Amino acid sequence: MFNKNITIEQIQQWNKNTIANQLGIEYVEIGEDFITAKMPVDHRTHQPFGLLHGGASVVLAETLGSVASFLTLAPNSGQQAVGLEINANHIRGVKSGWVYGTATPMHIGRSTQIWEIKITNEEGKLVCVSRLTMAIISAY
């Protein structure tokens, strides 16, 4: 399903000079139809009460879904994947450590894609679930 010629290391390089880099997001695995990354829960991602900021979870979710969507596009197709809508349900607080997000497809169409992103803590407990709708547009 994904472009097989792209490595985790290459994807990590895309984070340079982006919010994903500022928040410490690191890609950890690409599967046949999923991509997983981790994000630290620290001073960069806390809200004022010392918990993981919901907005940081949304950044992780949109980053993963956007990369996953891009990876489904044929190389040199002249297409881009851009976010159209995102929602998130925050289920459990996290004070420190890492959270892990995994994006899996719900719908892969010619003009839209829908991705589910589940974010868990280090114990595998659900922290946030998000749904991202991507628009597939012409890059020209």
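Strands β5 (residues 112-120) and β6 (residues 126-138) pair in the antiparallel sense over 9 bridges. The model is predicted.

**The sheet**

This pair belongs to an open sheet of 6 strands. Their order is β1-β2-β4-β5-β6-β3, and the pairing is antiparallel. β1 (26-30) and β3 (79-90) are the edge strands; each pairs on one side only. From one strand to the next, the twist averages 25°.

The residue ranges are as follows.

| Element | Residues |
|---|---|
| β1 | 26-30 |
| β2 | 35-41 |
| β3 | 79-90 |
| β4 | 97-108 |
| β5 | 112-120 |
| β6 | 126-138 |

**The helix across it**

Helix α3 spans residues 54-72. It lies across β1, β2, β3, β4, β5 and β6. Relative to β5, helix α3 runs at about 135°.

**The core**

The largest nonpolar core holds 33 residues. Which element supplies the largest share of this core? Helix α3 does, with 8 residues. β2, α3, β4, β5 and β6 each supply at least two residues.

Ile35 and Val99 touch the most other members of the core. Take isoleucine 35, leaving aside its neighbours within four places in sequence. Its contacts include Phe2, Ile11, Tyr27, Glu29 and Ile30. Leu64, Val67, Ala68 and Leu71 are also in contact with isoleucine 35.

How values were computed
Residues are numbered from 1 along each chain as its sequence is written. This is a predicted model: local features need pLDDT of at least 70, side-chain atom pairs count only at pLDDT 80 or more; totals for chains, interfaces and linings use all residues. Side-chain values use heavy atoms; hydrogens and water are left out. Two strands pair if DSSP finds at least two bridges between them. Helices (H or I, at least four residues) and strands (E, at least two) are DSSP runs, numbered from the N terminus. Axes are lines fitted to C-alpha atoms, for helices over the stretch in contact, and angles run from 0 to 180 degrees between N-to-C directions. Contact means heavy atoms within 4.5 Å. A nonpolar core is a set of buried Ala, Val, Leu, Ile, Met, Phe, Trp, Tyr and Cys residues joined through side-chain atoms within 4.5 Å. Buried means under 20% relative accessible area, exposed over 50%, partly exposed in between (1.4 Å probe, protein chains only).
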